[in-house]
Amino acid sequence: MEMEARARELVRAYRKRKGLAWMILAVGIVYLFYIVFRVLEGPAAEELGGLAMTALLFSAYVVFALFAVAAVLVKQSGGMILNRVYQEQCDPALYEACLLKLHFFLQPGWKACNLAIAQYQQGDYGRAQDTLASVPVQKLRKNLIPGYYQCLCALCFKQGRGGEVAALEEACRLALGPKPRWQQQFALVCANNNLFRAVENRDYEKAFFFLQATRRTGTGTVSWKMAQVTYSMWMARICLGLGEKRSAGMYLAYVKQQGGTMAAAEEARQLLQEC
């Protein structure tokens, strides 16, 4: 019940920001229409010279652009309310509760992809698999494709189906295309998969190399607390594999303290008892 109340409060704050953004944009549109169709097309237009009309029209577009930018920034600030729950508070359970109350009609698959990732982070792999099965892959925007395939590949490793990952990597590569921006995202997906493979094969030196590769490739996200917790959990696994229990204990203590409702936090608690 407490989580539901918190989710309602967060969603309410998100919707207020989103509504405010639309209001700002609407004001900008009304202003632009007023200048174009009432001022420049009205009696005053005859008193203005051609240069003055051009200047007025230009200024109207500039003002409208400022309204549009303000609307985008306000809307993004609303998204950050939810994003902080996931990335900074490391609370995928609360994040999922928030997402279930929202609808994203203009972004097919966005909600399902993020729900699946939140469920994966909670360790609910079966439910995450079912959620990903509902994603309309062909309609996904490109910015969602890396996360979709990364989650799908991670589920394969967690469920003992690592042999299916190579085909998923190829599908991801084809879906992203050859542009450098998307190839960098594909490299991150592959680095994560190679990290799973190396740990499964108990090749911990290679695992460390691939873990550093994920940090170099995903430079825009390493500052988020969830990324730090995930990194620390992998480092703990590597240290344990190398027999360095003291170092592993330090990483595990951090994951336990900062991991929130992530499955990694519970795994860290269990492993700490063995260190």
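Ile29 lies in helix α1, which spans residues 2-39, helices being DSSP runs of H or I with at least four residues, numbered from the N terminus. The model is predicted, so that local features need pLDDT of at least 70 and side-chain atom pairs count only at pLDDT 80 or more, whereas totals for chains, interfaces and linings use all residues. Residues are numbered from 1 along each chain as its sequence is written, and side-chain values use heavy atoms, with hydrogens and water left out.

Ile29 is partly exposed, with a relative accessible area of 36% (buried means under 20%, exposed over 50% and partly exposed in between, with a 1.4 Å probe and protein chains only). Together with Phe33 and Phe37, Ile29 makes a nonpolar surface patch of about 310 Å².

Zero disulfides are counted, a disulfide being a pair of cysteine sulfur atoms within 2.5 Å. The sulfur of Cys156, a buried residue with a relative accessible area of 2%, is 6.2 Å from the closest cysteine sulfur, that of Cys153, which is too far for a bond. Cys172 is likewise in no disulfide, the nearest cysteine sulfur, that of Cys190, being 7.1 Å away, and Cys172 is buried, with a relative accessible area of 0%.

Key: Patch = residues over 30% accessible without salt bridge, like charges linked within 9 Å, V, L, I, M, F, W, Y side chains within 5 Å. Areas by Shrake-Rupley, 256 points an atom, 1.4 Å probe, with all protein chains shown as cover. Salt bridge = Lys/Arg side-chain N within 4 Å of Asp/Glu carboxyl O. Helix = DSSP H or I, 4+ residues; strand = E, 2+ residues; numbered from the N terminus.
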